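Thanks for coming. I will talk through a few surface features and charged pairs, with the sequence and the structure on the screen.

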Amino acid sequence: GIPMEIIVGKMFKLEIWETLLSSMRAGEVAEFWCDAIHTGMYALVSRGMRRIAEGRDPLEGQKHRCGMGNMFDYHSTGYDDLDELQRTPQPLIFIMELFRVEEPSAYKRDTWAMSKEEKLAAVPVLHREGNRLVLHKEFGQAAAKYQEAVICLRNLQAKEKPWEDGWLKLESLVTPLVLNYCQCQLELGEYYEVLEHTTELLQKHNDNAKAYFKRAKAHAAVWNEREAREDFLRVAHLDPSMAAAVKKELKQLGERMRKKHVEDRKRYQGLF
């Protein structure tokens, strides 16, 4: 009862359907006779569609592997007529009605499916969207936008030789996105996530004061006093313009640690 959606070029299990639909006009109903060479996967497609129509999960009981692999495991589709079709493939007649055609630009591609040009074009859009969400304090959604932009750039970097011009140009775009992502994670209280990403960033760029600052705040939040102080002092050394902010953070860190020590003493006194 629900129209099926096919994305041309996405290599659906029955590739012949792309050819058939591409020959039709919107609103047209057409009948196609297809030789058995084009219909070998129909049993698996039909099984999934039947399960959906029955209100079941089409992947119910499957292992995480290709559909044909699951067929070898279970030796049956669960439907006698489809099992027979598997044993003796036949030509099939498909009757199709084309409801609507959308332009390629109307479909949001997954990152992995984008071309190099599409990835590069998507990055500033995702960056701006992340910034907009931060202004509305929607940090989780903003982090997802920044992360998606980083994935686009990392995919492109994988095709470049490390530390050469193309790689470095992409890295210069990655760094502010990672820092923005880490700021969102600080706001969300995901401190170990921040420690992981800032440390990874600093392994490549050990003079990035902003990365040290965010890592210091994460260390402070999880009571790593020595590491937090070291990072804050490194920030002041690398960027004197941040000295005032560092001084404020160190003061707050000292107050929090003193308070924690008092609470710990009271707790241990109670134990003994």
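Is Ile 93 buried or exposed? Keep in mind that this is a predicted model. Ile 93 has a relative accessible area of 51%, and the cut-off for exposed is over 50%, so Ile 93 counts as exposed. As for where it sits, Ile 93 belongs to strand β2.

Ile 93 also takes part in a nonpolar surface patch, together with Val 29, Trp 33 and Ile 95. The area of that patch is about 470 Å². Two elements each give two or more residues to the patch: β1, covering 29–34, and β2, covering 92–97.

Now to the charged side chains. How many salt bridges does the structure hold? The count is 13. I will go through some of the pairs.

Take Lys 217 and Glu 249. Their side chains form a salt bridge, at 3.0 Å from N to O. This pair links distant parts of the chain, with the two residues 32 residues apart. Lys 217 is in helix α9, residues 209–221, while Glu 249 is in helix α11, residues 243–271. Which of these two is buried? Glu 249 is, because its relative accessibility is 15%, and buried means under 20%. Lys 217, at 28%, counts as partly exposed.

The next pair sits within one helix. Glu 225 and Arg 229 meet in a salt bridge, with 3.3 Å from N to O. Both are in helix α10, residues 225–238, and because they are 4 residues apart there, about one helical turn separates them. Glu 225 has a relative accessible area of 25% and is partly exposed. Arg 229 is partly exposed as well, with 31%.

Glu 102 has 46%, so it counts as partly exposed.

There is also a case that goes beyond a pair. A network of salt bridges links Arg 215, Asp 231 and Arg 234.

Conventions. Residues are numbered from 1 along each chain as its sequence is written. This is a predicted model: local features need pLDDT of at least 70, side-chain atom pairs count only at pLDDT 80 or more; totals for chains, interfaces and linings use all residues. Side-chain values use heavy atoms; hydrogens and water are left out. A salt bridge is a side-chain nitrogen of Lys or Arg within 4 Å of a carboxyl oxygen of Asp or Glu. Buried means under 20% relative accessible area, exposed over 50%, partly exposed in between (1.4 Å probe, protein chains only). Patches are made of residues with over 30% relative accessible area and no salt bridge: like charges are joined within 9 Å, nonpolar side chains (Val, Leu, Ile, Met, Phe, Trp, Tyr) within 5 Å. Accessible areas come from the Shrake-Rupley method with a 1.4 Å probe; for residues, only the protein chains shown count as cover.
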